[in-house]
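Open the model in your viewer and keep the selection panel at hand. The stops below are meant to be taken in order.

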Protein chains: 2
Amino acid sequence: MDLSERKLQILQAIITDYVQNAEPVGSRSIAKKYGLGVSPATIRNEMADLEEMGYLTHPHTSAGRVPSDKAYRLYVDDLMQKRNLTPQEKRIINERLRANMNEFDQTIQHAAALLSEITKLASFAMTPQTNQDTLRFVRLIPVDEHAIILMIAANSGNVTNTTLRVNVPYTNEALEILSKSMTYNYQGRTIDDVLKNAIIHDIGSDIEALSALANSVMPNFMRTLEDMLNVNLYMEGLTNIFNIPEYSSMDRARSFLELMSRKEEFTRDMLERGDGVIVTIGEENVADSMKDCSLITATYHVDGKLVGKIGVIGPTRMKYSEVTSIMEYLTQNLSESFRLTSGKDTDSNE
Amino acid sequence: MDLSERKLQILQAIITDYVQNAEPVGSRSIAKKYGLGVSPATIRNEMADLEEMGYLTHPHTSAGRVPSDKAYRLYVDDLMQKRNLTPQEKRIINERLRANMNEFDQTIQHAAALLSEITKLASFAMTPQTNQDTLRFVRLIPVDEHAIILMIAANSGNVTNTTLRVNVPYTNEALEILSKSMTYNYQGRTIDDVLKNAIIHDIGSDIEALSALANSVMPNFMRTLEDMLNVNLYMEGLTNIFNIPEYSSMDRARSFLELMSRKEEFTRDMLERGDGVIVTIGEENVADSMKDCSLITATYHVDGKLVGKIGVIGPTRMKYSEVTSIMEYLTQNLSESFRLTSGKDTDSNE
DNA sequence: GATTAGCACTCCGCAGCTGCGAGTGCTAAC
DNA sequence: GTTAGCACTCGCAGCTGCGGAGTGCTAATC
């Protein structure tokens, strides 16, 4: 079952050629371009073997060979050699990532744009799942007699606020007491935990006015926590698929774009993938309209803990070596920059 | 130059038919379907006249007629009668809009999704331009020794925060004084105004520690204000264009999607459009790849003042009457719900 | 036994042709 | 002014034939 050295060489040659030219490759052109020292006829025999073993396919009798998913899998696992980025490429990534650091989401989106720009593929980036993020403090800030701002700060550096309408009269002192009490109760607990276990009368108070205020605030608090759990998804370079021969048929392009526009579904699927750089090829993908694509995802970390994802989608005929290297470098870089932003000691209590 | 009653009827019939079927309409089918009491031959004569006047075109000799941009313009300006929404349609819009009111941007995005769902067209929504928004207060909140949260609340109800790293030691009192001082200085002024005219030593202080802190905070403050000016753009239902016969050619679909993915450019173009419901047809559009589209935009208001936009893009062959009615209703509804959210008296001082 | 040359064969893609259907424009009659 | 009739135009779908690319097989060669 093992592949002879020569078979491997031929297979690699076919993959290389096909990745570059997107056209079935014939025995003659291999013999010519990749000096293996044998004639086309020999290569044809080997190719016939490789086809029987499932590494190659045939669009039709008189066409050249095309690598199968299995071939790409072999390539990614064993044949491919890691390509180091040039200093120039590294520099570009560094510069572009640091350029826009003001808002977290912006940075993430930028990273996706950068990735798609470099690889010329469709890319996406997701903000981290935050259910394991812990709360740092809660604060209620008066706006006017009908409105207050609810502010929730998490230890990852994530801070959210919503303006809420309250229909009970309140005093600034009451707000402060409630803020402190909520902070005291929830500080250090994960969002998940608070959502599941926070009972409204945690905050309960003997003072009637305060408890009325709490009753008015708590549902909004919970709702906002739920919002915080939402993962944001940014997609970039979707129109790159038009440059890919595989998608020159309308139907394919369409079903691909439709897949990408069902964002909730897509997000869910992506969250299920493991950590690190993961490559899934063609049929290995779950989504139907991705059966002829390859998907590469990688993870970055915020504050060393929360995990976000970034990914690339393209034809199975893809420069795996290059793309995985880029993604590895990019996510490392992202993780580092998010360590800086949120400080070293975010775990300390207030 | 004026069109006879019969010509108008025929023109209207052609438009109606073409909008529905997306196929050039012939004299016979008009005579049949839209009982005008005349024979196809007569209609042919009239059509020839209409063509000469620029209201109709001919894909080729043996094809039916197709309305020109000029015809649609006439239709939108004079012929079209406003279509009232059914109570059911209104109900759907109401329900869907109220369903997700927690975050402003979410609501906007939802509105775009709803719009594209109802019209089956591509749609977008933009958050308001906020340069005329006025500041309500600024607040600095301690996080740990290296970080503070900067919170900026505007009178529209818009509240932003960023975590900033400070490399000078600070006390809670200093933060409070600085907060108050900034609020005092900027309250009631527009973001634009503050960005242009705020000089750092506005805040200047005799106390050295305080002025060091201010120096550390101010650049971030300005940057955050700039961020607040950013208009967010949400697009929905882009893949709907695949259902439109006009875009069944790859090239068209492609150039359309590429246009839409250049978001900054698109945003800029949209901001230049006037208020209320505005229809631009085919060649009237500036962007090249929109010369065969129609674009309808409408404006909604936040707090009765800030103006956001929402829009629809589709083939010139579009149900103008229906779409404009829907958009009118939708924006009214949006404006109302944003009045509620931010309260009636947001103008009062703190 | 592995390799190679040679050749028949397959199949795609393309260009050119044909017939059909839809719809027009014109003319002559009403 | 309106209409019937008819020749004409054009796009489209389907067919045909051809060239090119590449295979698979067989028989000769190393």
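This is a predicted model: local features need pLDDT of at least 70, side-chain atom pairs count only at pLDDT 80 or more; totals for chains, interfaces and linings use all residues.

Residues are numbered from 1 along each chain as its sequence is written, chains are lettered from A and ligands numbered from 1 in the order in which they are written, and side-chain values use heavy atoms, without hydrogens and water.

**Stop 1: a helix pair**

Select residues 87-99 of chain B, helix α5, and residues 104-119 of chain B, helix α6. Helices here are DSSP runs (H or I, at least four residues) and strands likewise (E, at least two), numbered from the N terminus. The axes of α5(B) and α6(B) come within 9 Å and cross at roughly 150°. Show I93(B), R96(B) and L97(B) in α5(B); in α6(B) they meet residues including T107(B), H110(B) and L114(B) (contact means heavy atoms within 4.5 Å).

**Stop 2: a ring pair in chain A**

Ring pairs of Phe, Tyr and Trp (its six-membered ring) have centres within 6.5 Å; planes under 30 degrees apart are stacked, over 60 edge-to-face, the rest tilted. Over all chains there are 13 aromatic pairs. Select Y300(A) and F338(A), a tilted pair with 5.7 Å centre to centre and 50° between the planes. Y300(A) sits in strand β9 and F338(A) in helix α12, 38 residues apart.

**Stop 3: a ring pair in chain B**

Move to F124(B) and F266(B): the centres are 4.9 Å apart and the planes at 90°, so this pair is edge-to-face.

**Stop 4: a cluster**

Finish on Y72(A), Y75(A) and Y320(A), linked into a cluster by ring pairs.

Methods: Axes are lines fitted to C-alpha atoms, for helices over the stretch in contact, and angles run from 0 to 180 degrees between N-to-C directions.
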